[in-house]
Amino acid sequence: MKIVFLNEKGGLFHGVTGEKLSTINLDEEYDELLKQPWVKYGTKLKLREFKELLDHLPRSSSVAVISADMLQRELFTDSGAGTLIRRGYKLFQHTSVDKIGADRLRQVIHDRDPDIKAGDTSVTGVLNELKKAPFTIYGDEPMDVVAIVTRPEGEIPVLTKLLASRSGIMNGIVDNVFNSIKKDHKKLFWTARADDENRAWHFERADGSFTRSGRSLFWYGVHDVNEVEKIVKGFEESGRINRSFLPVGPSAPPHRASAPSGKRSFSTFARREIPGSKRGYATAAPSTEKKRLALIGARGFTGQTLTSLLSKHPHLELTHVSSRQLAGYPLKEYSKSKLTYSNLSEKDVETMEKEGEVDAWVMALPNGICKPFVDAIDRGAANKQGEKSVIVDLSADYRFEEGWTYGLPELYSRDPIRVSKRISNPGCYATSTQLIIAPLLPYVKPGAWPTVFGVSGYSGAGTIAGLPEADGRPTSAPKVTPDSLHGGIRPYALTNHIHEREAGHHLSRLLTSKLSEPFKVAFVPTVAPWFSGITSVLSMPLNGKLNAKNVQELYEKKYDGEKLITVKKDVPTLFDVEGKQGWTVGGFQVHSDGDRVVVVGGLDNLLKGAATQCLQNLNLSLGYDEYAGIPL
Ligand SMILES: NC(=O)C1=CN([C@@H]2O[C@H](COP(=O)(O)OP(=O)(O)OC[C@H]3O[C@@H](n4cnc5c(N)ncnc54)[C@H](OP(=O)(O)O)[C@@H]3O)[C@@H](O)[C@H]2O)C=CC1
Ligand SMILES: CC(=O)N[C@@H](CCC(=O)OP(=O)(O)O)C(=O)O
């Protein structure tokens, strides 16, 4: 039986983080919740009454707290909305197999353990391992989730098994079990294989990870790189974690490595952000190894901007610059070595990849041009001995593509970027649009799209060929000029700009409750007569009441510690964004009725909107410090 409780806000919200609580399992969470200082008055009363009601109904019953306009979706789709409250199942913890029943445990291991499916061990093998050291088995009563943590005296605990049924995944029990492990263990290590369909889930729960040849080691609670190294050495010696998951010894052939797409979470379950898990830690200090980069589309605005940044990069060497027009001419914007433009064909690119001539490629080409080059690199990589190179594409061509990682580090986990070889760089307006909406996602009024007005400098439109210099050297001219705008501004692509879909598509991944269709954003672009810099103005109806101070705090909290994000009180001006590496937000205002928020954000379309973000992505995937070469 499902009981629907209508409230204005459309659910219950965490009083500190402001996030919507998607599920409350009363058996597990009720006592703890009632102790929270923010659970008072109406919320307390409601929780008490829901508990009383559900205590007298079958366990499968639940209460859905939703807003009136979500009623249809709650009743007629299986996606649900708001907050779902149920008794749930009590979690258990046992330190012996007998307590949970050896036969039941055998069955679960037999049915779900990927190591058994891969033929690497047997059920008896798993149970024999348990005899070697003290352990705790965590799970829920119907055993939809079973997790085993081994914890030899004085050693780091290891989560050796996390076995969940589909219903365990869909009902969030796996998170409940994991949280209960977290309560007991301040530090934990565990592993997952590339074919683990919940791989993104692991990245999100970890403070750090190491991936090689599709096998990942994860941990939380250890932030010091030296400590990680020491622990890993201990695992190597004791054999508690299979060597193939550890950052030790020679790696397996890299061409077998498969990177997580970063897109897949539990297949039917939107990702949830876990506080404190935004940043990963590399297992070793960031690399300082010299690596080589080829830039295709080097003549254009973004190509040139990236070239200038690379001139100051401590480790990354630009070795090839490709332009059809400038082939044979020297490159001017790069100071680390003398380079001449070439006009690389698809065949050249394939051969270069096959011969391992570069470690990374950047595609700074117009939309729709990139695929033949990417295909050529893929062909080259298929016939290559060593590791395949990284590609970062600046165009819109791979931003919706399975197998590519969308590189917006401040919003979507950095770890998938670290292990990805195919990265799509977000659009300039789309970057600002997502950064400005993300902190307010729990407050989006259902059915009302957030609207972003974006005003961009004309460099956003790219270049055409200009008049040649006196010596015949070709030049570039902006496609849109201040003259063509008559000194004014020109709204364009009033609906369906590609960045509208891009922003909605990716923001959907941050929602805590599943939507039956992608999250919708209204985006309206305007081009203006200055060279570079975008101002984005967000206007968004709220699902409840907020004040300007609350809003500013949401941004401060969301972007705390982010080196490329500035939160200020005042409205950012062009001065705050033009030529600046990061994104700035400010001007937080709420309508006097308290139900509509307006926020202003801005970035330089050629920097955080393109080249700087590209460099963050290159740095992460090549193992450098994320900000290497970025003047902070
Ligand atoms: N400008 C901006 O603010 C932003 C742009 N982007 C995206 O980045 C990409 C590059 O943009 P931008 O630098 O402005 O573009 P430009 O028009 O300034 O440059 C395009 C580049 O691609 C080359 N090129 C064009 N057509 C072809 C082709 N058919 N084959 C091979 N090379 C070609 C050009 O050189 P040549 O003709 O000499 O070969 C030039 O180097 C685009 O996809 C854009 O959407 C993303 C974020 C911001
Ligand atoms: C002013 C101007 O014309 N801006 C460009 C945005 C450039 C960009 O980021 O486009 P991609 O998504 O193709 O990478 C535009 O609206 O198309």
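Predicted model: local features only at pLDDT ≥ 70, side-chain atom pairs only at ≥ 80, totals over all residues.
1. Two strands count as paired here if DSSP finds at least two bridges between them, and the strands themselves (E, at least two residues), like the helices (H or I, at least four), are DSSP runs numbered from the N terminus.

2. Residues are numbered from 1 along each chain as its sequence is written, chains are lettered from A and ligands numbered from 1 in the order in which they are written, and side-chain values use heavy atoms, with hydrogens and water left out.

3. Strand E18 (residues 451-457) runs antiparallel to strand E23 (residues 534-541) over six bridges, with Thr451 opposite Ser539 in E23. E23 in turn pairs with E26 in the antiparallel sense, over eight bridges, and here Ile534 has Leu603 of E26 as its bridge partner.

4. E26 (residues 596-603) deserves a look of its own. Six of its eight residues are buried (under 20% relative accessible area; exposed is over 50%, partly exposed in between; 1.4 Å probe, protein chains only), so strand E26 is largely enclosed by the rest of the structure. Strand E25 (residues 583-590) pairs with E26 in the antiparallel sense over six bridges, and Trp583 has Leu603 as its bridge partner in E26. The hairpin of E25 and E26 has five residues between the strands, and Gly594 there takes a positive phi near 75°.

5. Now the salt bridges (a side-chain nitrogen of Lys or Arg within 4 Å of a carboxyl oxygen of Asp or Glu). The structure holds 29 of them. One joins Arg193 to Asp115, with the closest N and O atoms 2.9 Å apart. This pair links distant parts of the chain, 78 residues apart: Arg193 lies in strand E9 (residues 188-193) and Asp115 in helix H6 (residues 114-117). Arg193 is buried at 16% relative accessibility, whereas Asp115 is partly exposed at 22%. Shared partners join Asp113, Asp115, Asp120, Lys161 and Arg193 into one network of salt bridges.

6. Another salt bridge pairs Lys384 with Glu353 (3.2 Å, N to O). The partners are 31 residues apart, Lys384 in the loop between H14 and strand E15 (390-393), Glu353 in helix H13. Lys384 is buried at 10% relative accessible area, and Glu353 is buried at 0%.

7. Finally, how do H13 and H14 meet? The axes of H13 (residues 346-354) and H14 (residues 371-382) come within 7 Å and cross at roughly 35°; axes are lines fitted to C-alpha atoms, for helices over the stretch in contact, and angles run from 0 to 180 degrees between N-to-C directions. The crossing is right-handed, meaning that the near helix is turned clockwise from the far one by less than a right angle.
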